[in-house]
Amino acid sequence: MDPQQQPARLEDCRRCGLWRDATQAVPGEGRRSASIMLVGEQPGDKEDLAGQPFVGPAGALLDRALRDADVDRKTVYVTNAVKHFKWQLRGKRRMHKTPAQREIEACHYWLEDELRMITPRVVVALGATALHAVMEAKSLTLTPQLGRVLEHDGLAVVAAYHPSYALRAPDASARRHAYETIVAALAQAARLAART
């Protein structure tokens with residue numbers, strides 16, 4: 001399929017080669033009228049098998065962060081910048097591999113579709129890949145954007161660490177800091193959504 005052709009359904013997408021090794025495409029899920037959209041990088045192993053976003057260990061941490069920020073997950077829409085799991089085999093485990101820029105760009109069609117459908121007031125970009133996809137700016141680095149409110153196409157965008165980073169950061173202090181940064185970003189998004 002010509003990568004520029006737009007498939008009607010996500011499960012038929014062949015805009016890049018990631019579909020070949022993935023179990024299935026993983027669409028976003030949540031409230032269709034959500035004022036907050038959370039965008040992660042890509043499905044992980046558990047998400048690839050379940051066909052749902054953020055249901056593995058990173059999803060459990062995100063659920064806890066949402067509770068601590070006093071945001072009900074049922075009121076938000078959760079998705080990923082890339083819809084297929086990119087992985088490499090290590091022993092018997094499928095380990096996450098960061099999507100290439102061309103894969104992020106190929107999948108942007110689906111993210112734009114979700115943004116049009118949901119029309120959120122605020123987008124929380126969870127991690128650098130999500131920030132690049134949402135802002136359409138691969139030169140942005142994540143750390144300087146933490147705590148700031150960015151604007152893109154009329155949307156307020158809040159950057160946060162990806163929950164998987166808070167799980168694998170090198171020491172307890174870094175993990176705690178990453179988690180607190182995620183909670184703060186979610187609380188900031190809730191305040192922004194309530195104001196607009």
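Q: Against which elements do the buried residues of H4 pack?
A: The buried residues of H4 pack against S2, H3, S6, S7 and S8. Helices (H or I, at least four residues) and strands (E, at least two) are DSSP runs, numbered from the N terminus. Buried means under 20% relative accessible area, exposed over 50%, and partly exposed in between (1.4 Å probe, protein chains only). Contact means heavy atoms within 4.5 Å. This is a predicted model, in which local features need pLDDT of at least 70 and side-chain atom pairs count only at pLDDT 80 or more, whereas totals for chains, interfaces and linings use all residues. Residues are numbered from 1 along each chain as its sequence is written, and side-chain values use heavy atoms, with hydrogens and water left out.

Q: Which residues of H4 are buried?
A: They are Thr-129, Ala-130, Leu-131, His-132, Ala-133, Val-134 and Met-135. Because seven of the eight residues of H4 are buried, the helix is largely enclosed by the rest of the structure. Just after H4, Glu-136 takes a positive phi of about 55 degrees.

Q: In what order do the strands of the open sheet stand?
A: Strands of a sheet pair through backbone hydrogen bonds, either parallel or antiparallel. Two strands count as paired here if DSSP finds at least two bridges between them. Six strands form the open sheet in the order S1-S3-S2-S6-S8-S7, with mixed pairing. Strand S1 (29-30) and strand S7 (149-152) stand at the edges with a single partner strand each, so one side of each is left without a neighbour in the sheet.

Q: How do S2 and S3 pair, and which helices pack on the sheet?
A: Strand S2 (residues 36-40) and strand S3 (residues 77-80) pair in the parallel sense over four bridges, with Gly-40 opposite Asn-80 in S3. Helix H3 (residues 101-118) packs on the sheet and touches S2, S3, strand S6 (122-126) and strand S8 (155-160). The direction of H3 makes about 170 degrees with that of S3; axes are lines fitted to C-alpha atoms, for helices over the stretch in contact, and angles run from 0 to 180 degrees between N-to-C directions. Helix H4 (residues 128-135) also packs on the sheet, touching S2, S6, S7 and S8, and its direction makes about 40 degrees with that of S7.

Q: Which way do the residues of S2 point?
A: In a regular strand the side chains alternate between the two faces of the sheet. In S2, Ile-36, Leu-38 and Gly-40 point one way and Met-37 and Val-39 the other way, and all are buried. Since five of the five residues of S2 are buried, the strand is largely enclosed by the rest of the structure. S2 also pairs with S6 in the parallel sense over four bridges, and Ile-36 stands opposite Val-122 in S6.

Q: In what sense do S4 and S5 pair?
A: Strand S4 (residues 87-90) and strand S5 (residues 93-96) pair in the antiparallel sense over four bridges. The bridge partner of Gln-88 in S5 is Met-95. Their hairpin has two residues between the strands, and Gly-91 takes a positive phi near 70 degrees there.

Q: How many aromatic pairs does the structure hold?
A: Rings of Phe, Tyr and Trp (its six-membered ring) pair if their centres lie within 6.5 Å; planes under 30 degrees apart count as stacked, over 60 as edge-to-face and the rest as tilted. The structure holds two aromatic pairs. In one of them, the rings of Tyr-109 and Trp-110 have centres 4.7 Å apart and planes at 75 degrees, so the pair is edge-to-face. Tyr-109 is partly exposed, with a relative accessible area of 21%, whereas Trp-110 is buried at 7%.
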